[in-house]
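Please look over the structure shown below.

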Amino acid sequence: LTISFGGNPKACLAANTVFNLAHRHGDIIREGWKNVLDCVLQLYRCKLLPKILVEAEDFIELTGKISLVREEIQLSQKTETGLLSSIYSYISLGSEISNHRVPSPEDQDNIRTAQACIRDCHLEQLITESKFLRSDSLHELVKALIHASYGPEGHVSLGTSYNEDTAVFFLELLLKVVIQNRDRVNSIWQYVRDHIYTLLMGAAACDHHFLVERSVVGLLRLAIRLMRREDMSPVVLQSLRMLLLLKASTLSRVARQVSYGLYELL
């Protein structure tokens, strides 16, 4: 898939166009954030995203980080129209190509081209520059990330397939955006807290252990950052009570994460 993307000049041009528009005009993006995130998801599946976007903080790992790229992810077909949707289609070209064949010299050139293209798009700025977005645009970005990281119960109700890795990936992006905007988190905290609660309970009920773990770690990471604010500390402490609603068997699986997280919090 990466080879197909790198060998398609239109795909590279579309990627540059979309993300440059997002960087320059993020303040006026509303529903368009969903399309931008669709493009980011395809690049995640291509394993082309910068390291900062595919790593997450962790309390147990010695490096303090874990990788969100765990396995090969199957692409689903999608039909859309419009500029933002076109890049989705371009990037998705060649999804049937086997990932197991040895890349030829031409393939290796295409891979390097794809990597250089995405490196020039500076995707990490979608997160780091979110603190400069207008409030209404930030709200729409948060809403889009919440929608993209729906838990398993949301997909059951919508009749769509569920991918745990995708949910975790977008959850981690959401957490990064919240942390970047912790100085004005009051306006989005309720949505984020309710979403984490829904994710945590839904994942626990469906035995999605990775999503449970990342939801718990994410909640604790936010608590550690936000407890420094006097106006947020009571609300954050109250939010931690959702951990007490987990079954003993579920809580035991994340006991080490909870212990290390609470130690840092206190």
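The largest nonpolar core of this predicted model has 80 residues. A nonpolar core here is a set of buried Ala, Val, Leu, Ile, Met, Phe, Trp, Tyr and Cys residues joined through side-chain atoms within 4.5 Å. Buried means under 20% relative accessible area, exposed over 50%, and partly exposed in between, with a 1.4 Å probe and protein chains only. The residues with the most contacts inside the core are Phe5, Phe19, Leu49, Leu123, Phe169, Val216 and Leu222. In soluble globular proteins, nonpolar side chains tend to be buried together.

Residues are numbered from 1 along each chain as its sequence is written. Local features need pLDDT of at least 70 and side-chain atom pairs count only at pLDDT 80 or more, while totals for chains, interfaces and linings use all residues; side-chain values use heavy atoms, with hydrogens and water left out.

Apart from neighbours within four places in sequence, Val216 is in contact (heavy atoms within 4.5 Å) with Leu200, Leu243, Leu246, Val254 and Val258. Val258 belongs to helix H14, residues 255-265, where Gln257, Val258, Gly261 and Leu265 are buried. Seen down the axis of H14, these buried residues fall within an arc of 95 degrees, so they line one face of the helix; the arc is that of the directions from the helix axis to the C-beta atoms. An α-helix has 3.6 residues a turn, so residues three or four places apart point the same way. Helices (H or I, at least four residues) and strands (E, at least two) are DSSP runs, numbered from the N terminus.

What do the buried residues of H14 pack against? They pack against helix H11 (209-226) and helix H13 (248-253). The axes of H11 and H14 come within 9 Å and cross at roughly 5 degrees, which makes H11 roughly parallel to H14 (an angle under 35 degrees; over 145 is roughly antiparallel, 65 to 115 roughly perpendicular and the rest oblique). These axes are lines fitted to C-alpha atoms over the stretch in contact, and angles run from 0 to 180 degrees between N-to-C directions. Among the H11 residues that meet H14 are Val216, Leu220 and Ile224.

Ile224 of H11 counts as buried because its relative accessibility is 13%. Not counting residues up to four places away in sequence, Ile224 touches Phe59, Gly261, Glu264 and Leu265. Ile224 and Glu264 are 40 residues apart in sequence, with 7.1 Å from C-alpha to C-alpha.

The whole structure has two aromatic pairs. Rings of Phe, Tyr and Trp (its six-membered ring) pair if their centres lie within 6.5 Å; planes under 30 degrees apart count as stacked, over 60 as edge-to-face and the rest as tilted. Tyr44 and Phe169 are stacked, at 4.2 Å centre to centre and 5 degrees between the planes. This pair links distant parts of the chain, with Tyr44 in helix H3 (residues 32-45) and Phe169 in helix H9 (residues 164-180), 125 residues apart. The rings of Phe169 and Phe170 have centres 5.1 Å apart and planes at 55 degrees, so that pair is tilted. Relative accessible area is 2% for Tyr44, 0% for Phe169 and 3% for Phe170, so each is buried.

Most residues other than glycine have a negative phi. Lys47, in the loop between H3 and strand S1 (55-57), has a positive phi of about 60 degrees. His122, in the loop between helix H5 (105-121) and helix H6 (125-128), has a positive phi of about 50 degrees. Lys47 is partly exposed at 44%, and His122 is partly exposed at 36%.
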